[in-house]
Amino acid sequence: MTAGLVSTIIPVYNRAAMLREAIASVLAQTYRPIEIIIVDDGSTDDTARVADELAQMNPQEVRVIHQSNSGPGLAREAGRVAAGGEFIQYLDSDDLLMPEKFAKQVAGLRAHPECGVSYGKTRYRHADGRVEALAWKGSGTKVETMFPAFLMSRWWDTPTPLYRASVCEQAGPWTDLRLEEDWEYDCRVASLGVRLHYCDEFIVEVRDHDEGRLCKGEAFDPARMRERARSHRLILAHAQRAGIAEESGEMQHFGRELFLLSRQCGAAGLAEESKELFELARQASGEARGNGWDFKLYGTLASIAGWTRLGKMACYSDSIRNER
């Protein structure tokens, strides 16, 4: 580990033009020293060539790892293992860093050695160029720790936080999840009880666009549902390890989300996942709530009609209610 060095890890797949812009935003940082590790995740267009060109143009700061397509989590992990910095910055290839990001966040972590992660405001740019005036998601709110709030949602985006490398090492490797891998990873960090430093300024820009995005896809695609079921299972385990009380509002919210995902997995034809998530939803909801009439009724009906058929019926009913 090199003291003071910020290592930026950029996984990329078939996104050459945006990769150039992302790299430029890191090189424009007012802070030094920095290193940039591009992980080309088996691109099939000219992204690999562009990545190599960027490394040749900036040999002191940019290097490239080429690997077969493994998904964003394992691509970030390949970069993390290769990184030598005291601080770790994860950056998706379609997002941008503001020039003062590293300077402000490193200074914040230096001033607050009790904190393991620094975050700040996220700016959101729509595909048509419109920019949201307010901080995106919950990034404009100061909180002390990631849990229990991260059970409600992942209220920052991948480039928002700057981590101490020691925290990433303690959290362990990224999984091979291809959906919600970033939420699961941050909940693993949250389970460590890491304290947060807050930078009350816009430090990153997250951009929507028409190019391919893993987060977009058919809602009830079985492959996507399996990934989401797996990520939610892991997130619950992280929350339980952190000792979040079952009666807390955040855990109750996550229990309801597990119940909803159970129905959605059933509708996608995933009976085993549907049943497992149902039991996890009862567990997360606590003994009293988990034995409520709605859980008992759904469990009884599932044993009669089957988890797949009931899931389809429940999701159809949900869609009807939402349209009203």
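Me: Which helix gives the most to the lining of the second largest pocket?
Reply: In this predicted model, the second largest pocket has a volume of about 230 Å³ and is lined by 13 residues. Helix 8 (249–267), helix 10 (293–305) and helix 11 (307–323) each supply at least two residues of that lining. With six residues, the element that gives the most is helix 11.

Me: Which residues lie nearest the centre of the second largest pocket?
Reply: The lining of this pocket divides into eight nonpolar, one polar and four charged residues. Of the 13 residues that line the second largest pocket, those nearest its centre are F259, R263, Y298, A314 and R321.

Me: What is the volume of the largest cavity?
Reply: Rolling a probe the size of a water molecule over the atoms shows where empty space is left. In this model the count comes to one cavity of 30 Å³ or more. The volume of the largest cavity is about 30 Å³.

Me: Which helix supplies the largest share of the lining of the largest cavity?
Reply: The lining of the largest cavity consists of Q252, G255, R256, F259, S285, R289 and F295, and these residues divide into two nonpolar, three polar and two charged. Helix 8 and helix 9 (271–290) each supply at least two residues of this lining. The largest share, four residues, comes from helix 8.

Me: Are the rings of F259 and F295 stacked or edge-to-face?
Reply: The model has 20 aromatic pairs, and one of them is formed by F259 and F295, whose ring centres are 4.8 Å apart. Planes under 30 degrees apart count as stacked, whereas those over 60 count as edge-to-face. The planes of F259 and F295 stand at 15 degrees, so the pair is stacked.

Me: Why is helix 6 roughly parallel to helix 7?
Reply: Helix 6 (residues 181–190) and helix 7 (residues 222–241) pack with their axes 9 Å apart and at an angle of about 10 degrees. Angles under 35 degrees count as roughly parallel, and the angle between helix 6 and helix 7 therefore makes their arrangement roughly parallel.

Me: Which residues of helix 7 make the contact with helix 6?
Reply: The residues of this contact divide into four nonpolar, three polar and three charged. From helix 6 come W183, E184, C187 and R188. The residues of helix 7 that make the contact are S231, H232, L234, I235, H238 and R241.

Me: Where is P148 found, and which residue does its cis peptide bond come from?
Reply: P148 is found in the loop between strand 6 (115–125) and strand 7 (162–164). The peptide bond into P148 is cis, with omega near 10 degrees, and the residue that it comes from is F147.

Me: Which residue is joined to P33 by a cis peptide bond?
Reply: The place of P33 is in the loop between helix 1 (16–27) and strand 2 (34–41). With omega at about 10 degrees, the cis peptide bond joins P33 to R32.

Me: What is the phi of N14?
Reply: N14 lies in the loop between strand 1 (2–12) and helix 1. Although N14 is not a glycine, its phi is positive, at about 50 degrees.

Note on methods: Residues are numbered from 1 along each chain as its sequence is written. This is a predicted model: local features need pLDDT of at least 70, side-chain atom pairs count only at pLDDT 80 or more; totals for chains, interfaces and linings use all residues. Side-chain values use heavy atoms; hydrogens and water are left out. On a 1 Å grid over the protein atoms alone, a cavity is a set of points where a 1.4 Å probe fits but cannot get out, and a pocket is an open set with protein on both sides within 12 Å along at least five of seven lines; lining residues have an atom within 4 Å of a point. Grid points are joined across faces, edges and corners, and a volume is the space filled by probe spheres set on the points. Ala, Val, Leu, Ile, Met, Phe, Trp, Tyr, Cys and Pro count as nonpolar, Asp, Glu, Lys and Arg as charged, and the others, Gly among them, as polar. Axes are lines fitted to C-alpha atoms, for helices over the stretch in contact, and angles run from 0 to 180 degrees between N-to-C directions. Angles under 35 degrees count as roughly parallel, over 145 as roughly antiparallel, 65 to 115 as roughly perpendicular and the rest as oblique. Contact means heavy atoms within 4.5 Å. Rings of Phe, Tyr and Trp (its six-membered ring) pair if their centres lie within 6.5 Å; planes under 30 degrees apart count as stacked, over 60 as edge-to-face and the rest as tilted.
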